[in-house]
Amino acid sequence: MDTTKAVTIVGGGLAGLTAAIHLSKIGLKVVVIEKNEFPKHKVCGEYISNETLSYLDWLSINISELNPAYISKLDFSTADGKRVSCDLPLGGFGISRYALDAFLCKKALQNGCEIIHDYVDDIDYKNDLFTVSTLNNRIISSEIVIGAFGKRSNIDQKLKREFIQKKSHWLAVKAHYSGEFPNDVVGLHNFEGGYCGVSKVENNVINICYLASYESFKKHKSIEDYQNQIVSKNPHLKMIFDSSKMIFETPLTISQISFDKKATVENHVLMIGDTAGLIHPLCGNGMAIAIHSAKNVSELIGDFYENKIKSRDELEKKHIAEWNGNFKKRLRIGRILAFLLQKQKLSAVLMKIMIKFPFLITIIIKQTHGKSIIVECPKFQ
């Protein structure tokens with residue numbers, strides 16, 4: 001079956017669905033191709049900075065309908081248990097991807113988007129037009145394609161992206177738990193070989209998601225063994241695991257997570273969210289970046305169809321400039337922080353400084369988070 005749309009979005013996660021809702025709101029015909037059915041759990045920290053709220057309101061996405069946990073405090077510790085706490089400058093909210101992605105999918109459908117559940121087999125660009133083919137023999141033609149297919153995909157291989165050629169040494173583990181944990185706190189706890197985020201989502205559920213180096217993980221027989229022997233060496237994480245009960249039958253895992261730099265445009269495909277660049281989980285801001293990047297690309301595509309942007313080349317250059325201007329510094333600081341915290345002696349010194357001067361951690365948070373998103377997005381007439 002052949003379909004022709006103004007914009008095809010490959011990937012129906014947070015970034016892809018947000019872009020679909022925005023583009024349909026301004027009058028463009030959009031198709032989203034997503035391999036998974038909704039709802040579905042995903043490996044994710046499930047914390048979103050409040051910098052996104054004004055934009056979500058503009059999209060008519062009422063997050064309060066999902067009963068999120070409202071988070072205003074950060075609890076941070078190094079691997080040996082040294083701890084510092086502070087208020088989050090903007091605050092945020094906790095919501096599961098299981099609930100949020102399904103909610104956004106429903107909104108996209110209400111806006112008139114077409115959502116196809118299929119695997120993308122290839123993206124071909126020729127004569128200023130994209131042809132996207134799926135495993136179930138669907139052919140979609142579009143003038144614009146947005147890449148929102150997550151951290152790692154077979155499409156990265158098809159496009160021969162540079163980062164995918166390198167072996168990555170990180171994996172992530174995530175599960176939901178019942179137990180006692182403050183509603184208003186996001187915990188970011190370091191352990192030998194990784195980092196763990198802990199916070200509430202809707203329905204009083206605790207989300208625990210950690211990133212681990214393959215080198216530290218491969219020595220252990222199971223996830224449970226690794227958590228008991230390595231992750232729980234941090235006394236704060238041990239207390240959390242000991243006082244919580246896993247709701248999932250088994251934890252979710254994802255491997256080969258790459259924090260290498262990624263090209264923002266590949267073969268004229270405009271990349272957003274994790275597909276364009278992944279911030280370290282200890283910064284707690286990946287979901288906000290996904291939403292913000294969807295806004296940026298949607299505004300540029302709107303300008304392109306209003307002829308304010310005169311060519312594809314100009315569109316691509318502006319997209320790269322927007323990404324770099326908003327996120328390049330955040331991603332770089334995230335990589336630096338991750339490097340420093342893996343140096344045990346150095347991280348101990350840094351923690352002593354932050355305990356003595358706690359305002360410094362607020363400054364660091366501001367460097368990895370954005371300001372409230374300003375919405376200047378008039379509807380097409």
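This is a predicted model: local features need pLDDT of at least 70, side-chain atom pairs count only at pLDDT 80 or more; totals for chains, interfaces and linings use all residues.
I'll start with the charged pairs. Side chains of opposite charge can pair when their charged atoms come close. In this model there are 17 salt bridges, and I will go through some of them.

Take Glu114 and Arg138. Their closest N and O atoms are 3.3 Å apart. Are the two partners buried or exposed? Glu114 is partly exposed, because its relative accessible area is 22%. Arg138 has 18%, so it counts as buried; the cut-off for buried is under 20%.

Next, Asp274 and Lys151, a salt bridge with 3.4 Å between the closest N and O atoms. Here too the pair links distant parts of the chain, and the two residues are 123 apart. Both are in loops: Asp274 in the one between strand E17 (269-271) and helix H8 (286-305), Lys151 in the one between E9 and helix H4 (154-158).

A further salt bridge joins Lys308 to Glu306, at 3.3 Å from N to O. With a relative accessible area of 53%, Lys308 is exposed. Glu306 is at 36% and counts as partly exposed.

There is also a network of salt bridges, made up of Lys42, Arg97 and Asp101. Arg97 and Asp101 bring us to helix H3, where both are on the list of buried residues.

Helix H3 runs over residues 97-110, which is 14 residues. From the first C-alpha to the last, H3 reaches 19 Å, close to the 20 Å expected at 1.5 Å a residue. What do the buried residues of H3 pack against? Their partners are helix H1 (14-25), strand E3 (47-49), E6 and H8. After H3 comes Gly112, with a positive phi near 100°.

That leaves H8, and in that helix His292. The relative accessibility of His292 is 8%, so this residue counts as buried. Which residues does His292 contact, leaving aside neighbours within four places in sequence? They are Glu51, Asn326, Phe327, Arg330 and Ile373.

Key: Residues are numbered from 1 along each chain as its sequence is written. Side-chain values use heavy atoms; hydrogens and water are left out. A salt bridge is a side-chain nitrogen of Lys or Arg within 4 Å of a carboxyl oxygen of Asp or Glu. Buried means under 20% relative accessible area, exposed over 50%, partly exposed in between (1.4 Å probe, protein chains only). Helices (H or I, at least four residues) and strands (E, at least two) are DSSP runs, numbered from the N terminus. Contact means heavy atoms within 4.5 Å. The expected span of a helix is 1.5 Å times one less than its number of residues.
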